[in-house]
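Dear colleague,

Please find below the structure that I am handing over to you. A summary of the findings follows it.

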Amino acid sequence: MASSSTPLKKNRYIVTTLLFLALFLFAIFLFSKRALEPTTLFVYRYRDPFAHPPPLSSSRTTSNLSFAFEPTPSVSPPEPLHSPIHSPISPISQKNSSNSINGELSGEDGEDPVQKNASFGTMNGNGGDLYSEGVQECDLYMGTWVKDEGYPIYTPGSCPYVDEAFDCQNNGRGDSDYLKWRWKPDGCDLPRFNATDFLVRLRGKRLMLVGDSMNRNQFESILCLLREGLRNKSRMHEIHGHKISKGRGYFVFKFVDYDCTVEFVRSHFLVKEGFRINGQGNSNPTLSIDQIDKTSKRWRRADILVFNTGHWWTHGKTARGKNYYKEGDYLYPKFDAVEAYRRALRTWANWVDKNVNPKKQLVIYRGYSSAHFRGGDWDSGGSCNGETGPVLSGAILNNYPQKMKIVEEVVKEMQVPVKLLNVTRLTNFRKDGHPSIFGKKVSTRRQDCSHWCLPGVPDAWNELIYATLLFNT
């Protein structure tokens, strides 16, 4: 019995071993086949708060802006018309720039064509996401202006939202080289402004610019830029039927196909303006630097807020500070304007910290925009006419006003993160970009060397906002 069972056990052992070996070889075969098959390449990028907005909704309360860093689904925006994106890191040739204005992306001269990524933005010829290839480490606000025949992004006279004061070409300005400059940061390029992609990011949201007439300058610019992304230009309108004018302080433009609005709220100081009756019965202006401006009730409604203040702090009574600044019920007989500016900004910062939800809202502060008066100020015979090119050298390029140092100081202390759109240095160059004598009817009596012609310098500020939404550093 023992001798007959031994071969049987040996046979079972051999069969078991062969079966295990066969299963092992089959597993190796399947693994090898899987490894040799082509795989799908998933391109990941971090998600900025406005990367892919929620579907079109009739209710703004459903807008949920996520700040999470995660892969995003593939959503292809509508084809751009006149503002395709170029590589933010590759040099833009003059030839490619001219093609881009017509919505064509060329790969001639041996260069890889810039392609639209199905999930977002642009890809290089190897499929890499250009927006995550180190551009975020580039300082977007240190650089220079370079000539680019692909500019301006919109044609002078083509946009009905430029008011007369900024419409320099129609007001008789004969030179046009000032329109051909593109801001070029050191170490990288900005992505070309893509109006359609910007509108996709704004879907269901409210973008609000709050500030003085410099922000109105920027507001008109962004309306003209975004208009380039509409096939049917009638699909945007001011919801109250108002035409843009200097006298009105509140505008809401709706982009119907994207269920979004771009708005302007006038607030010269961001804190409360008032008045007092003096001993002679006359009304004198006051500024309560410890109280937020009354327009703040509108600010709460926005998803993206772009603030500014600065130019009015250099004017007359504000600069002198006599019987003007208030805290509580106390009117200071004399108060330093610089300290008043700091306290006013802290009042604004406290409002932002208490009223803004950084998970659902984005706050941008646009820095001081340089003026270029010669021989006087805005109200004392200052001029800038005859300037046809940027400043290329000189002390003005390194000028950094105390106001901006205060802004940086206040922003650094805030709990809510604020994106500082620090345009001061890039505007230092552009002595050629102001309306000068072409602010309305040609007149040398009072020149505008503070605001900017449109198209012009504020377009670059909005390109930087677009870049901020893309990079979200």
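In what follows, a residue is called buried when its relative accessible area is under 20%, exposed when it is over 50%, and partly exposed in between (1.4 Å probe, protein chains only). The model is a predicted one, in which local features need pLDDT of at least 70 and side-chain atom pairs count only at pLDDT 80 or more, while totals for chains, interfaces and linings use all residues. Residues are numbered from 1 along each chain as its sequence is written, and side-chain values use heavy atoms, with hydrogens and water left out.

Salt bridges

The structure holds 20 salt bridges, each defined as a side-chain nitrogen of Lys or Arg within 4 Å of a carboxyl oxygen of Asp or Glu. One of them joins Arg 182 to Asp 189, at 3.7 Å from N to O. Arg 182 is buried, with a relative accessibility of 8%, and Asp 189 is buried as well, at 3%. Another pairs Asp 259 with Lys 254 at 3.1 Å, N to O; here Asp 259 is buried at 11% relative accessibility.

Arg 342 and Glu 339 also form a salt bridge, with their closest N and O atoms 2.9 Å apart. The two lie 3 residues apart in helix α7 (residues 337-355), and are therefore separated by about one helical turn. Helices here are DSSP runs of H or I with at least four residues, numbered from the N terminus. Arg 342 is buried at 16%, whereas Glu 339 is partly exposed at 23%. Both belong to a network of salt bridges that also links Glu 327, Arg 343, Arg 346, Glu 409 and Glu 413.

Nonpolar cores

A nonpolar core is taken as a set of buried Ala, Val, Leu, Ile, Met, Phe, Trp, Tyr and Cys residues joined through side-chain atoms within 4.5 Å. The largest has 63 residues, and Phe 198 and Val 262 have the most contacts inside it. Helix α10 (residues 457-471) gives the most to this core, with 10 residues. Apart from it lies another core of 42 residues, among them Phe 269, Trp 299, Ala 302 and Val 411.

Surface patch

Tyr 13, Ile 14, Leu 18, Phe 20, Leu 21, Phe 24 and Leu 25 make a nonpolar surface patch of about 790 Å². Patch residues have over 30% relative accessible area and no salt bridge; like charges are joined within 9 Å, and nonpolar side chains (Val, Leu, Ile, Met, Phe, Trp, Tyr) within 5 Å. Accessible areas come from the Shrake-Rupley method with a 1.4 Å probe, and for residues only the protein chains shown count as cover.

With kind regards
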